[in-house]
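Dear colleague,

I am passing a structure on to you, together with some notes on what was found in it. Please read the notes with the model open beside them.

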Amino acid sequence: MASVKKYTGRLFALEVLGILIALLFLIPFYFVIANSLKTFPELAANTAKLPSSLYLDNYTKVWSIMKFPKAFFNSLFITVLANVGLVIISSMAAYRMVRKASKFNNLVFLAFVAAMVIPFQSIMIPLVRVASQVGFMDSKLGLVACYYGFGVSLNVFLYHGFIKSIPLEIEESAKVDGSSAYGVFWKIVFPLLKPMSITIIILNSLWIWNDYLLPSLVLGNPELRTIPLATFSFFGQYTKQWDLALAGLTLSVLPIVIFFLFLQKHIVEGITAGSVKG
């Protein structure tokens, strides 16, 4: 009969510590949500206090001022298209580098890994120049192409480790049955990449949906603004509309939080599986 672990004081202390850390991380959410339901005078008087009444006018004003449906569609379009392209490009590139190992492919992989440590701020000025020359400025598709360049390094790195854990015998059996190289990848290998693909989609979505700096450089047309850009419109040179900004922030974060909570278990699962032989 298996021994049952005793509930010790050490375990209790760890549980209390975990709860305190969780509450610490939830404090920003409290301030954002609570203050988004206050009038500006009430917010300015005491930001830590619960709202005396639920003031929902902030949300109706934000919906109109931000043109929230338009900004939401822009963010959704960019995030979905960037994710689709990154998953396809990165998985195919990683598969080729793993299964056709050569000095050249190893150097390419090392270049991808090295690119992960280059800060965006060091290349944003050259990026704007290149983007303007190739017609990427003021274009959602141009912004998506920029995300391809910045996101492919980490994605290839994750896929590379995961593909190493896939037995080669599965692919050889498909080749014996007459399947082409593309057939082997799309029918055999790619479905097996589902845990890592979901992990990559989650990580990319969190990054792209909340990104402010790159869209602010590429998208100058107000009609193309993403949600972070639209939220920033509440901060002027002389005025800061915190009551409206916090309501807009709540609306912008809510979809991605729901998306993350729905798929969060796949993050640890995918990264752990990818590190088996990575």
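Helices here are DSSP runs of H or I with at least four residues, and strands are runs of E with at least two, both numbered from the N terminus. The model is a predicted one, in which local features need pLDDT of at least 70 and side-chain atom pairs count only at pLDDT 80 or more, while totals for chains, interfaces and linings use all residues. Residues are numbered from 1 along each chain as its sequence is written, and side-chain values use heavy atoms, with hydrogens and water left out.

I begin with some loop residues. Thr226 sits in the loop that joins helix 11 (213–218) to helix 12 (227–232), and with a relative accessible area of 4% Thr226 is buried; buried means under 20% relative accessible area, exposed over 50%, and partly exposed in between, with a 1.4 Å probe and protein chains only. If neighbours within four places in sequence are set aside, Thr226 is in contact (heavy atoms within 4.5 Å) with Ala71, Ser75, Ile78, Pro215 and Leu219.

Pro51 belongs to the loop between helix 2 (40–45) and helix 3 (57–65), and its relative accessibility of 19% makes Pro51 count as buried. Apart from neighbours within four places in sequence, Pro51 touches Ala34, Leu37, Lys38 and Glu42. Pro51 and Ser36 are 15 residues apart in sequence, with 9.0 Å from C-alpha to C-alpha.

In helix 2 itself, Leu43 is buried at a relative accessible area of 7%.

Most residues other than glycine have a negative phi.

Now to the helix packing. Axes are lines fitted to C-alpha atoms, for helices over the stretch in contact, and the angles run from 0 to 180 degrees between N-to-C directions. The axes of helix 1 (residues 9–36) and helix 13 (residues 242–263) come within 8 Å and cross at roughly 120 degrees, which means that helix 1 is oblique to helix 13; angles under 35 degrees count as roughly parallel, over 145 as roughly antiparallel, 65 to 115 as roughly perpendicular and the rest as oblique. In this contact Phe31, Val32, Ile33, Asn35 and Ser36 of helix 1 meet Asp243, Leu246, Ala247, Leu249 and Thr250 of helix 13.

Helix 10 (residues 194–210) has 17 residues and reaches 24 Å from its first C-alpha to its last, close to the 24 Å expected at 1.5 Å a residue, where the expected span is 1.5 Å times one less than the number of residues. Among its buried residues are Pro195, Ile198, Ile202 and Trp209. The axes of helix 10 and helix 13 come within 11 Å and cross at roughly 170 degrees, so helix 10 is roughly antiparallel to helix 13. Their contact includes Ile198, Ile202 and Trp209 from helix 10, and Pro255, Ile256 and Phe259 from helix 13.

With kind regards
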